Amino acid sequence: MTRDYEEYLKDDNLHINWYPGHMKKTKEMVQNNLKLVDVVIELLDARIPLSSKNPEIDKLAHNKPRVVVLNKSDLSDRAKLNKWISYYQSKGIKAIPVDTLKGSGVNKIVEECKNVTKEKMDALKEKGRKERAIRVMIVGVPNVGKSSLINKLTGRKSTQTGDRPGVTKGKQWVRLKGNLELLDTPGILWPKFEDQKIALNLAFTRAIKDEILDIDTLGLKFIEKMSDIEPEKLKARYKLDSLGQEPLETMEMIGRKRGFILGRNELDYTRIAKTVLNEFREGKLGQITLEVPEDIEEA
């Protein structure tokens, strides 16, 4: 490896400043339509509940009942997941772990939406109003599983789903189970990644498209993160007796173990990076949560 490439891989700045026009329009759409809904379902990635939370949501939905849904809980560390559930409970918010692909936990979302709107719906009945569906809005960053959740709540494939951010487009009303009605909006992401750790966590889980990032650097950063929080899982997956003194050394050890070698005995860093990231995203590294509630103070 040349010295220049080594320094390039160690560059701490991913240079992320991504705010497509449709993100801005979506935020305005959410703001304009909040008055139409009774409850906001905030969908987070259970592996990164802090990083996948849009900081605008608290301001936008401050006066609306809220239900937090921790999706991809099957891929997350159970002990850390319970910490997040307890954290939200201390804030007076029910956090529901779900797996939208299998549908586990989805019925609890319907129950909680009824619980948090009971007072309002009872008040409407007392006024002689005709009973109507509970109107909900699901908000979340791209690629957190909104379309999959909607499909499970409707019991049919009603919206586009995909592994890439931004598949859901436009605005639509969807009838859900349990007398719920959904105002669906695309995922929204903030304009600037002021915190590098949050940007990295979003990139690790593919909430940010791989195509706009340097995948080699991202893979190295992920190995660095895993070396810090889950070294044993990293060693077990890649059959390493120990980790390198530096993340780059560990990356090279993984490459040699997997035989990712180009001509002249040079390592294929791009292939190493893609493999490690994909195996994390597919759950092959084990159940992993990249952040805990204590990280909120640091952030």
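This is a predicted model: local features need pLDDT of at least 70, side-chain atom pairs count only at pLDDT 80 or more; totals for chains, interfaces and linings use all residues.
## Nonpolar cores

In soluble globular proteins, nonpolar side chains tend to be buried together. In this model the largest nonpolar core has 57 residues. Val136 and Phe222 are the residues with the most contacts inside this core.

Leaving aside neighbours within four places in sequence, Val136 is in contact with residues that include Val37, Val39 and Ile41. A second, separate core has eleven residues, among them Leu34, Ile57, Ala61 and Leu183.

## Strand S2

Strand S2 covers residues 66-71. Six of its six residues are buried, so the strand is largely enclosed by the rest of the structure.

The side chains of S2 are divided between two directions: Arg66, Val68 and Leu70 point one way, and Val67, Val69 and Asn71 point the other way. Residues of both sets are buried, Arg66 and Asn71 included.

## Strands paired with S2

Strand S1, residues 39-45, runs parallel to S2 and is joined to S2 by six bridges. In this pairing Leu43 stands opposite Val69 of S2.

Strand S3, residues 95-97, also pairs with S2 in the parallel sense, over three bridges.

Helix H4, residues 78-90, belongs with S2 and S3 to a β-α-β unit. This unit is right-handed.

Conventions
Residues are numbered from 1 along each chain as its sequence is written. Side-chain values use heavy atoms; hydrogens and water are left out. A nonpolar core is a set of buried Ala, Val, Leu, Ile, Met, Phe, Trp, Tyr and Cys residues joined through side-chain atoms within 4.5 Å. Buried means under 20% relative accessible area, exposed over 50%, partly exposed in between (1.4 Å probe, protein chains only). Contact means heavy atoms within 4.5 Å. Helices (H or I, at least four residues) and strands (E, at least two) are DSSP runs, numbered from the N terminus. Two strands pair if DSSP finds at least two bridges between them. A crossover is right-handed if, with the strands pointing away from the viewer, the path from the first strand over the helix to the second runs clockwise.
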